[in-house]
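Keep the sequence and the 3D view open as you read.

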Amino acid sequence: MLELRGLSKAFGGIQAVVDFSARLEKNRITGLIGPNGSGKTTLFNLITGFIKLDRGEVFFKKEKIDGLLPHEIASRGLVRTFQLSRVFPRMTVLENLLLAPQGQMGEKLWALGLKRERVRDEENRNLKKALSLIEKIGLLPLKDEFAENLSYGQQKLLEMARLFMANPEMILLDEPTAGINPLMIRKIMDFILTMREMGKTFFIIEHNMDVIIECCDWVFVLDHGEKISEGTPEEIQNDPRVIEAYLGT
Amino acid sequence: MDLFLHLCVMCLIYIIFALSLNLEIGYTGLFNFGHVAFFGIGAYTSALLTLHHFPFELGLVMALTLSGIFGFLLGLPSLRLRGDFFGIATLGFGEMIRMVFQNEVWLTKGPMGLPGIPKPTLFSFRFATLPQYFLLTLGFTAITFLFLRILIRSPFGRVLKAIREDEIAAEALGKNAYRFKIKSFVVGSIFAGLAGALWGHYTTFISPNDFTLLETILVLLIVVLGGKGTEWGPLLGAALLIFFQESLRFLRLPPEYGRYLAPLQQMIFGALLIFMMLFRPEGLIKERGRRVYAGTQRVE
């Protein structure tokens, strides 16, 4: 599904990511762990085009996508989230969701004049889908509320729902459960597992080992920009190199 | 009665001008400090063409086209800049266009200005009297308002708002922010051009001095006062400020105080802007989330 070949990036004298190669299989949940500053988020930024690569290639569904702009990569079905929740604060919960579907007819200016019926139908379909989704995550009473008025956990949940609406083939999640309570973590994990059952592929940065152990099929470990280990969650937990990287002994 | 109609016409023209800026500032988050340039381009284009005996219809169409083209040309490089830098680039453009009006004497007659701009004739009906002109501007204002409302309420407008809120997150969702910003900017410029053309034919005399930074500040104040990012904000803002500004002119002051009037007005505007920023930054009308979407029923 996603193939990374020798990704490298330096910021000044600091090697943020060094020669990272990996293959991520379809319909799997792959984890990415490592101490703070080990280059996890940079790696995500490199894959999704937010930062330019120094060296290396990225293939998504066998198509070379490195060098494309972020929105071009996203519209090919590879969508990411950010470490801090990035809902659109002064848009309603409903609007946040309605924005997500890709390639909407109503986003084209000419179509607003010439294809009014189609735009309307599409909008109605999306609206139904969004409302049922909002109901599922329990935010229905807040649907016309600005997203900035939600709690942080609710915003994270809304972000997951937005991904669901966007319906990409592969999703990169940057610490989806950071800073929220255990109940909300459970909800977000359920979201991830449901979407996997629908055939989605995930690549997840996560510090919470419980989430990694329960969700992930495969884990990469990054330290100082280098891949120091990979394997199933069980193997990783017992790998002395990983323990060393985390504890610094 | 004439005075009242005059106020209404001025008000309507500024409503169009403010609506176009609201699309950029209020909905797309583009702080355009050179909006008056497009007002000026619209005014000069239509005035020059009709002064050379071309029909008003052509003048108007060309005014809109040229404003749009210049909007596109300015947007192409400047919309790659973010936030403050974009503002400074537009500020520069605004001054640049004014210098063109002032110095390209062969075209614009320079500081002498263009007197005697004819009243418009649309489909062989001449809008010569004040009530007729009022109806003409009212019609154009209604068209502008409805057109921009459709745009804002559509999925297109939703993307604009998302870009205003968080450009990077919008791109992460596959929206080409740059392209949407250019479209918004071009549409905004076109309607500013419309306002300019209507204004030129109304006052019948335009000169480079009419298109200074002060005009940009006035229209900015209208949008901020009324409530940016709201459908009715620019209407309210324009009504309040234009009535205030124009009625000052008819204040019967002893002549020796008359010269204080213009600076005083600027001071009041400045104070108002500071006051709004401090105490009600969202404007008189507050932005709220839309409850029902265009063409969709409530599904509950």
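Which domains does the domain assignment of chain A give? The answer is domain 1 (2-87 + 156-247) and domain 2 (91-149). Bear in mind throughout that this is a predicted model.

**Domains of chain A**

- The centres of domain 1 and domain 2 of chain A, taken over C-alpha atoms, are 28 Å apart.
- Nine residues from domain 1 of chain A and twelve residues from domain 2 of chain A make up the contact.
- Helix H6 (residues 152-166) of chain A supplies seven residues to the side of domain 1 that touches domain 2, the largest share.
- That side of domain 1 of chain A has seven nonpolar residues, one polar and one charged.

**The sheet in chain A**

- An open sheet of four strands runs in the order E2-E1-E4-E5 (chain A), with antiparallel pairing.
- E2 and strand E5 (63-64) of chain A are the edge strands; each has a single partner strand, so one side of each lacks a neighbour in the sheet.
- Strand E1 (residues 2-11) and strand E2 (residues 14-24) of chain A run antiparallel and are joined by seven bridges.
- Within this pair, Leu4(A) has Ala22(A) in E2(A) as its bridge partner.
- Two residues lie between the strands in the hairpin of E1(A) and E2(A), where Gly12(A) takes a positive phi near 60 degrees.
- Strand E4 (residues 55-60) of chain A pairs with E5(A) over two bridges, in the antiparallel sense.
- Opposite Phe60(A) stands Glu63(A), in E5(A).

**Chain B overall**

- Chain B contains twelve helices and two strands.
- Starting at the N terminus, the order of its elements is α-α-α-α-α-β-β-α-α-α-α-α-α-α.
- The radius of gyration of chain B is 19 Å, close to the 19 Å that the globule rule gives for 300 residues, so chain B is as compact as a globular protein of that length.
- The C-alpha trace of chain B spans about 60 × 45 × 40 Å along its principal axes.
- Of the 300 residues in chain B, 48% are buried.
- Take the contacts in chain B between residues at least 6 apart in sequence: 78% of them join residues at least 24 apart.

**Where the chains meet**

- 32 residues of chain A contact 26 residues of chain B.
- On the chain A side, the elements that give two or more residues are helix H2 (70-75), strand E6 (78-80), helix H3 (93-98), helix H4 (109-114) and helix H5 (116-136).
- H5(A) gives the most to this side, with six residues.
- By class, the side of chain A that touches chain B has 15 nonpolar, seven polar and ten charged residues.

**The largest nonpolar core**

- In soluble globular proteins, nonpolar side chains tend to be buried together.
- The largest nonpolar core here has 146 residues, and those touching the most other members are Ile13(B), Tyr14(B), Ile16(B), Phe17(B), Ala18(B), Ala195(B) and Ile222(B).
- At least three residues of this core come from each of domain 1 (2-87 + 156-247) and domain 2 (91-149) of chain A.
- Which residues does Ala195(B) touch, not counting those up to four places away in sequence? They are Ile13(B), Ile16(B), Phe17(B), Ser20(B), Phe39(B) and Gly42(B).

**Loop residues to look at**

- Most residues other than glycine have a negative phi.
- Asn167(A) is not a glycine, although its phi is positive, about 55 degrees.
- Asn167(A) sits in the loop between H6 and strand E7 (170-174) of chain A. It counts as partly exposed because it has 16 C-beta neighbours inside 10 Å.
- Lys109(B) is not a glycine either, and has a positive phi of about 60 degrees.
- The loop that holds Lys109(B) runs between helix H5 (105-108) and strand E1 (121-122) of chain B. With 16 C-beta neighbours inside 10 Å, Lys109(B) counts as partly exposed.
- Is Arg252(B) buried or exposed? Arg252(B) is exposed, because 5 other C-beta atoms lie within 10 Å.
- Arg252(B) lies in the loop between helix H11 (233-249) and helix H12 (255-279) of chain B.
- Arg252(B) and Gly283(B) are 31 residues apart along the chain, and 31 Å separate their C-alpha atoms.

Notes. Residues numbered from 1 in each chain as written. Chains lettered and ligands numbered in written order. Predicted model: local features only at pLDDT ≥ 70, side-chain atom pairs only at ≥ 80, totals over all residues. Core = buried A, V, L, I, M, F, W, Y, C linked by C-beta atoms within 7 Å. Buried ≥ 20, exposed ≤ 12 C-beta atoms within 10 Å, placed from the backbone. Domains from an automatic or database assignment. Contact = placed C-beta atoms within 7 Å. Nonpolar A, V, L, I, M, F, W, Y, C, P; charged D, E, K, R; others polar. Pairing = 2+ DSSP bridges. Rg over C-alpha atoms; globule rule 2.2 N^0.38 Å.
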